[in-house]
Amino acid sequence: MEFTARLIMELPEQGGVSARGNNWRKKSWVFETFGQYPRKIKVDAMNATIDNLNFEVGKTYTVSFDIDSREFNERWYTDIRAYAAREAQPGADQPFAQPQPVSTGAPAADPFSGANADPFATTPGVKDEGDDLPF
């Protein structure tokens, strides 16, 4: 899966030693999506993947990620793990930009001209039964 968003925060790297004695590293970033209702998305990367992700706060990226949920003590936790990212193309921060009209060469027809001037007019030959609304 992928999303395109602007990086707004880089969190400090964490690390430690697992129960099996292996060293581990974890780094997180917070992105903000575009649109009428922007969302914040925190993504993580583990170990060697951290070195492959070069982010700069304020830039827009397309991030490839996996989602993983796990249960611990009857509670569920969900992680969004980034595995690749690339800087987004210019204009990616405007996903709902207005499309340019396509010209067909023919003049546009006016739907309210001539016989169709009043869309609420009665049809000739049909008797108007009046308003049947209850109020």
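Predicted model: local features only at pLDDT ≥ 70, side-chain atom pairs only at ≥ 80, totals over all residues.
Residues are numbered from 1 along each chain as its sequence is written. Local features need pLDDT of at least 70, side-chain atom pairs count only at pLDDT 80 or more, totals for chains, interfaces and linings use all residues, and side-chain values use heavy atoms, without hydrogens and water.

The largest nonpolar core has 15 residues. Such a core is a set of buried Ala, Val, Leu, Ile, Met, Phe, Trp, Tyr and Cys residues joined through side-chain atoms within 4.5 Å. Phe 3, Trp 29, Phe 31, Val 43 and Phe 55 touch the most other members. At least two core residues come from each of β1 (2-10), β3, β4 (40-46) and β5 (60-72). Strands are DSSP runs (E, at least two residues), numbered from the N terminus. Beyond its neighbours within four places in sequence, Trp 29 has contacts that include Leu 7, Ile 41 and Phe 55. Contact means heavy atoms within 4.5 Å.

Lys 27 belongs to strand β3 (residues 23-32). Lys 27 counts as buried because its relative accessibility is 11%, and the limit for buried is under 20% relative accessible area (exposed is over 50%, partly exposed in between; 1.4 Å probe, protein chains only). Residues up to four places away in sequence aside, Lys 27 touches Glu 10, Val 43 and Ile 50, among others.

Met 1 sits in the segment before β1. Met 1 is exposed because its relative accessible area is 59%. Its C-alpha atom is 8.7 Å from that of Ile 67, 66 residues apart along the chain.

Technical notes: Helix = DSSP H or I, 4+ residues; strand = E, 2+ residues; numbered from the N terminus.
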